[in-house]
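Welcome! Please open the sequence and the 3D structure side by side, and take a moment to look around before reading on.

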Amino acid sequence: MKKSPTAKKSTTSHHVGAKAVAGKSAGSKTAAVKNRTAAKKTISAHKTASAQKTTGTEKASGTHDQPRAGSTRAALSWARREFARVSAYPLTTYYLILVSVLALTSLGLVMVLSASSITSYDGGEGSSFAYFNKQAGFVTMGIVLMLAASFFPLHWWRKLAWPALLLGVFMQAAVFLPGVGKSTKGNANWIQFGGFQLQPSEFLKIALAVWLGAVLASKYGKMTTFGHAMMPVVPGIILAVGLVVGGNDLGTGLVLMAMALVCLFIGFFPWKYFLLLFGSLGGVALFFVLSSQNRLARITSALTGHADQTASDVTGSAWQSNHGLFSLASGGWLGVGLGASREKWSWLPEAHNDFIFAIIGEELGLLGSLVVILMFVALACGMVRVILRSKSRFIQIATAGLFAWLIGQAAINICVVTGLLPVIGLPLPFVSYGGSSIIASLLAVGVILSFARTEDGAPAAIKVHRDRVRSSFAVLARKRKK
């Protein structure tokens, strides 16, 4: 049966409508899927952007921190390289010693002027510059001797060892001669020729160090028997120390004992004999301490301080020590100002001499005191470099003895002023007032500088410096001619 055209048409329309509906529903599904996909992409894009932002911030901060750490490491690395380069330079030891000593000496001149101005004027000198002018003359003489001694070749010091000790012992023995020896404040430790005074024990320190260096270096490895170890080392030490202590100067005697023991230690003196000598010297020092009421009073004052009733008396044994502490305490961090010390107005005895470090603490404060200590540390480092970098046992032993004198005496003086030790009566090297002390100390530095010039590579470096100076003068001469 044939369908009518109308039926076909309706059927066709129905199929077309169904397809249209199906197409619409399919389109709507596709659109929904696309929308969901787009939404997911948007969310994912937002997450990625935020993650990238966070990562970028972290990277930015990391990039900011990394240059800081890198620059710090680079600076430390550069500092290490520069330190190694400077340390390896052959003349570093020479200049380290020379600069530190000149700095200490210059500061000493300034502080002598400040600390002695009142005492000098009030003492009948008529000028506040009297002590300063004398000290400046002593410093000039000492620097000339230092520079001259620094050019001495090494073999000269070996040859001068015995004559220097004999001359030092003879001069020290002269303090007991009537009309020549002079006693000052109970110490017979001076000799006088007309208006010229000299403290021979200061120069005996140099002679003893050089002599012990020469003798112990020649006996190295041979001190196997008692007689060979003791002769002539122990008699020389006993003679030098005995003459000084016999003049009632136990402080200088202790310094000589310390120098001798350090030289023996560096010179590989046999241990059993070393301990025997150490005990003997300690027993002698203890005997002289216990046999003197004045020394016992100083020790008691150092232990009791203000608890001692004599501390309020100008003649009391604690007066000087206590006023040294007052001077340090009143300085604070930066001091009261150069020249503005109050303790130097006849309150603190020996303000320009043994207790000049107290005036430094008062006028320059804790900062100035630390600078002085650092200068001595620099000098000590230079002397240690001479000992470690030298191949000569003579240089090592002699420098060790001079180290025990200069650095050890500085440490004792500072400890006395700060109340850690009883008053001994030792000046601060290079700083305190005193002609014999400053001249002998600078001469000792000249000996050490001559040792520093023998370091490996130092002669070649010195020759290069000389050639540069000559060429500079030649260029200047040409310019003047033009």
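This is a predicted model: local features need pLDDT of at least 70, side-chain atom pairs count only at pLDDT 80 or more; totals for chains, interfaces and linings use all residues.

Residues are numbered from 1 along each chain as its sequence is written, and side-chain values use heavy atoms, with hydrogens and water left out.

**A pocket among helices**

The second largest pocket has a volume of about 380 Å³. Here a pocket is an open set of points on a 1 Å grid over the protein atoms alone, where a 1.4 Å probe fits, with protein on both sides within 12 Å along at least five of seven lines; lining residues have an atom within 4 Å of a point. The volume is the space filled by probe spheres set on the points, which are joined across faces, edges and corners. Of the 19 lining residues, Ala 164, Leu 167, Phe 203, Ile 206 and Leu 443 are the closest to the centre of this pocket.

Which helices supply at least two residues each to the lining of the second largest pocket? They are H3 (130-150), H4 (154-173), H5 (200-218) and H14 (435-452). Helices are DSSP runs (H or I, at least four residues), numbered from the N terminus. H4 gives the largest share of this lining, 7 residues. By class, the lining has 18 nonpolar, 1 polar and no charged residues. In this scheme Ala, Val, Leu, Ile, Met, Phe, Trp, Tyr, Cys and Pro are nonpolar, Asp, Glu, Lys and Arg are charged, and the others, Gly among them, are polar.

**Helices that pack together**

Two packed helices are described by the angle between their axes and the distance between the axes. Axes are lines fitted to C-alpha atoms over the stretch in contact, and angles run from 0 to 180 degrees between N-to-C directions.

| Helix pair | Angle | Axis distance |
|---|---|---|
| H3 and H14 | about 20° | 7 Å |
| H13 (residues 393-417) and H14 | about 150° | 11 Å |
| H9 (residues 271-290) and H10 (residues 293-304) | roughly 95° | within 6 Å |

H3 and H14 are therefore roughly parallel (under 35 degrees). Their contact (heavy atoms within 4.5 Å) includes Phe 138 and Met 146 of H3 and Ile 438 and Leu 449 of H14. By class, this contact has 14 nonpolar, 6 polar and no charged residues.

H13 and H14, in turn, are roughly antiparallel (over 145 degrees). Among the residues in their contact are Leu 402 and Trp 405 of H13 and Ala 444 and Phe 451 of H14. The contact of H13 with H14 has 12 nonpolar, 2 polar and no charged residues.

H9 is roughly perpendicular to H10 (65 to 115 degrees). Phe 288, Val 289 and Leu 290 in H9 meet Arg 295, Leu 296 and Ile 299 in H10. This contact has 5 nonpolar, no polar and 1 charged residues.

**Two backbone details**

Most residues other than glycine have a negative phi, and most peptide bonds are trans. The bond from Met 231 to Pro 232 is cis, with omega near -10°, and Pro 232 lies in the loop between H6 (226-230) and H7 (233-246). Asn 248 has a positive phi of about 70° although it is not a glycine; this residue is in the loop between H7 and H8 (250-266).
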